[in-house]
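Me: I have a structure open and I am new to it. Can you show me how to read its features, one at a time?

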Amino acid sequence: MYSCLKCGTDFEIYPPDDIHVVASRIEDETSHFVKVEHVCKNCGYVNVIYWGHRPSDPAWDT
Ligand SMILES: [Zn+2]
């Protein structure tokens with residue numbers, strides 16, 4: 001569960017696919033991340049979540 005950085009409202013997040021399953025607020029430029037924007041239903045703030053591979057699957061990054 002993540003919460004809005006602006007107002008604190010909790011929101012559900014879902015992986016964009018079966019490969020990118022680890023969520024982070026921070027973009028790691030050494031890895032391939034999928035950027036997903038979640039618009040807060042309460043205040044409209046755009047919360048950006050970066051989805052990365054599981055650490056055990058580095059070879060999947062193509
Ligand atoms: Zn909000």
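Me: How many helices and strands does the protein have?
Reply: This is a predicted model. The protein has 0 helices and 5 strands. Along the sequence, the pattern reads β-β-β-β-β.

Me: What holds strands together in a sheet?
Reply: In general, strands of a sheet pair through backbone hydrogen bonds, either parallel or antiparallel. In this protein, an open sheet of 3 strands has the order 3-5-4, and its pairing is antiparallel.

Me: Which strands are the edge strands?
Reply: Strand 3, residues 22-24, and strand 4, residues 34-39. Each of these edge strands pairs on one side only. From one strand to the next, the twist averages 35 degrees.

Me: How many bridges join strand 3 to strand 5?
Reply: Strand 3 and strand 5 are joined by 3 bridges. Strand 5 covers residues 46-52, and the two strands run antiparallel. Look for V22 opposite G52 in strand 5. Then find S24, whose bridge partner in strand 5 is Y50.

Me: Over how many bridges do strand 4 and strand 5 pair?
Reply: They pair over 6 bridges, in the antiparallel sense. V34 has W51 of strand 5 as its bridge partner. K35 has Y50 of strand 5 as its partner. Y50 is also the bridge partner of S24.

Me: Where do the side chains of a strand point?
Reply: In a regular strand the side chains alternate between the two faces of the sheet.

Me: What sits between the strands in the hairpin of strand 4 and strand 5?
Reply: There are 6 residues between these strands. In this hairpin, G44 takes a positive phi near 85 degrees. Y45 also has its place in the loop between strand 4 and strand 5.

Me: What does Y45 touch, leaving out residues up to four places away in sequence?
Reply: Y45 touches C4, L5, K6, C7 and C40. Take L5 as a case. L5 and Y45 are 40 residues apart in sequence, yet their C-alpha atoms are 7.9 Å apart in space.

Me: Where is the place of N47, and what does N47 touch?
Reply: N47 is in strand 5. Leaving out residues up to four places away in sequence, N47 touches Y2, C4, L5, H38 and C40. N47 and E37 are 10 residues apart in sequence and 5.7 Å apart in space, C-alpha to C-alpha. N47 has 18 C-beta neighbours inside 10 Å, so N47 counts as partly exposed.

Me: What share of contacts joins residues at least 24 apart?
Reply: Start with contacts in the protein between residues at least 6 apart in sequence. Of these, 58% join residues at least 24 apart. For a case of sequence separation, return to Y45 and L5, which are 40 residues apart in sequence.

Notes: Residues are numbered from 1 along each chain as its sequence is written. This is a predicted model: local features need pLDDT of at least 70, side-chain atom pairs count only at pLDDT 80 or more; totals for chains, interfaces and linings use all residues. Two strands pair if DSSP finds at least two bridges between them. Helices (H or I, at least four residues) and strands (E, at least two) are DSSP runs, numbered from the N terminus. Axes are lines fitted to C-alpha atoms, for helices over the stretch in contact, and angles run from 0 to 180 degrees between N-to-C directions. Two residues are in contact if their C-beta atoms, placed from the backbone, lie within 7 Å. A residue is buried if 20 or more other C-beta atoms lie within 10 Å of its own, exposed if 12 or fewer, and partly exposed in between; C-beta atoms are placed from the backbone.
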